[in-house]
Amino acid sequence: MVERKLLVLFGSQTGTAQDTAERIGRKAKRCHFQCRVEALDSYDVANLINELLVVFVCATTGQGDPPDNMKMFWRFLFRKNLPPGSLCQLDYAVLGLGDSTYPKFNFVAKKLHKRVLQLGGNPLLPVALGDDQHDLGPDAVVDPWLMTLWDKILALYPLPPGLEIISPDVRLPPKYTLHYLAEDSPHPDGGPLQPTAPRAVPSELHPFAAQLVSNQRVTAESHFQDVRLIEFDVTGSGITFSAGDVVMIQPQNCSEDVQQFCQLLRLDPDRQFVLKPTEPGTSLPALLPQPCTIRHLVTHYLDISCVPRRSFFELLSYFSTNELEREKLQEFSSAQGQEELYSYCNRPRRTTLEALWDFPHTTCAIPPEYLLDLIPRIRPRAFSIASSMLAHPDRIQILMAVVRYKTRLSKPRRGLCSTWLASLNPEQGDVRVPLWVKKGGMKFPTDPDTPVIMIGPGTGVAPFRAVIQERVAQGRRGNCLFFGCRQKSKDFYCQAEWEELVIKGFLTLFTAFSRDQ
């Protein structure tokens with residue numbers, strides 16, 4: 001009997017590809033496959049030559065770039081010295097997630113499909129090109145493609161005699177089991193924000209707890225938008241960066257949302273627990289301490305303010321004890337209910353916490369060990385660095401618009417990270433923010449005599465502020481900046497700084513103020 005093993009590998013930037021990969025993993029379990037779902041960069045790519053059946057799910061980011069968690073895999077796969085027939089025993093399929101408004105639509109999926117084919121892989125079906133722009137989102141392509149995929153896979157690997165596909169009415173076990181500790185157990189110290197002795201350069205798994213040293217509003221009080229210039233002290237972190245690089249910040253939920261969530265689910269925020277994987281070989285979530293409190297889990301890990309995905313409603317329907325609620329949840333998770341789900345969730349940007357309010361009978365019946373299956377983790381946010389180390393050693397500055405807008409819901413929508421950062425006051429003691437730096441996509445000339453034209457309206461001026469500071473510190477002239485905003489008196493960021501550089505002959509400045517003419 002051939003082993004029925006399936007490997008699902010994903011490259012995901014915002015979590016959609018991971019969500020889709022986990023959906024394939026759940027279906028595999030229902031079809032009695034041994035199945036692993038892993039990020040491409042967590043997988044030892046040298047083992048690929050031994051795999052028989054792999055589904056790749058990958059997003060395309062930026063200008064046709066692979067997501068961060070598949071960059072190493074990508075480099076390996078395109079090595080010139082890989083023998084052409086090395087993947088000849090592999091049956092595979094590639095599911096792409098992209099956005100057709102970009103010129104390199106689903107570039108990563110198409111290129112991956114072609115490369116695995118070159119290396120001798122046998123495609124089970126053509127690459128799927130999910131499109132965010134479709135009225136029903138990527139699911140319009142993904143749903144029918146997955147049905148065909150499962151027909152092909154089950155033809156190659158039929159169910160063993162005596163086994164049936166596990167019915168969709170049956171709830172699958174959670175990824176982890178949660179074990180509460182005795183109420184009088186000693187508490188673990190602090191949180192993720194304890195300044196640690198740097199082991200290596202800070203990264204997503206080991207962020208640096210930087211001190212926030214200033215948080216200054218740079219738009220007029222009368223202006224509709226609140227924009228901040230925020231400065232962090234990264235002394236002793238080992239962080240270095242150059243103009244065009246990006247700082248990644250790990251945000252957290254506000255305490256009133258955390259409190260509401262715990263009340264809704266009847267959880268004691270101070271209760272401690274440890275997690276155990278349900279299946280051997282599943283690794284524990286890297287960013288959660290063990291033991292952990294419910295408060296820490298909800299504050300730093302569960303993204304309760306994200307707009308919930310279809311899979312959220314599907315899993316939620318299994319806990320429902322109320323028939324009306326269950327019917328609605330099942331409709332939202334069905335292919336036919338996607339338009340309705342879109343107008344309930346995506347269009348008004350309803351959060352996970354708000355959706356839980358709307359299903360009170362179901363919410364209070366959620367078993368805590370399913371929380372990590374139900375709600376994705378909080379993703380880090382990327383900001384262009386708006387300062388140069390040559391001008392501000394051991395400091396990182398960002399220019400950040402506080403995200404706040406109205407939809408048809410009565411409560412204004414707020415950006416998780418920008419709202420949290422804007423609320424921090426460095427005068428109230430030692431305020432720490434977990435961060436790390438990664439290479440940006442902007443490259444500036446190394447030759448000091450090359451002039452540079454920079455066009456950066458609004459907060460888009462941030463990376464150019466870094467490069468202008470860097471070039472001025474190196475004595476380079478030939479810097480030309482085009483800046484635009486609404487009103488000279490209200491949102492002309494860094495006005496005094498630019499004007500001083502113009503006087504000193506370092507900068508040529510062109511401005512456009514759309515509301516002043």
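Here is what to select, stop by stop, in this predicted model.

**Stop 1: the domains.** Domain 1 covers 5-156 and domain 4 covers 452-513. Two others come in two pieces each: select 208-252 + 379-438 for domain 2, and 255-277 + 284-374 for domain 3.

**Stop 2: where domain 2 meets domain 4.** How many residues are in contact here? On the domain 2 side there are 21, and they touch 17 residues of domain 4. Together the two domains bury about 1600 Å² between them, with 64% of that on carbon and sulfur atoms.

What about polar links? Across this interface there are 5 residue pairs in polar contact, while the count of salt bridges is 0.

Next, highlight strand 9 (227-233) and strand 14 (395-401): each gives at least two residues to the side of domain 2 that touches domain 4. Strand 14 is the top contributor to that side, with 3 residues. Colour that side of domain 2 by residue type and you'll find 12 nonpolar residues, 9 polar ones and no charged ones.

**Stop 3: helix 7.** Finally, select residues 310-317, which make up helix 7. Is this helix mostly covered or mostly uncovered? Mostly covered: 7 of its 8 residues are buried. Click through the buried ones to finish: Arg310, Ser311, Phe312, Phe313, Leu315, Leu316 and Ser317.

Methods:
Residues numbered from 1 in each chain as written. Predicted model: local features only at pLDDT ≥ 70, side-chain atom pairs only at ≥ 80, totals over all residues. Heavy atoms only, no water. Buried < 20%, exposed > 50% of the residue type's maximum accessible area, 1.4 Å probe, protein only. Helix = DSSP H or I, 4+ residues; strand = E, 2+ residues; numbered from the N terminus. Domains from an automatic or database assignment. Contact = heavy atoms within 4.5 Å. Buried area = accessible area lost by both parts, 1.4 Å probe. Salt bridge = Lys/Arg side-chain N within 4 Å of Asp/Glu carboxyl O. Polar contact = N/O pair within 3.5 Å; in protein donor to acceptor, adjacent residues only side chain to side chain. Nonpolar A, V, L, I, M, F, W, Y, C, P; charged D, E, K, R; others polar.
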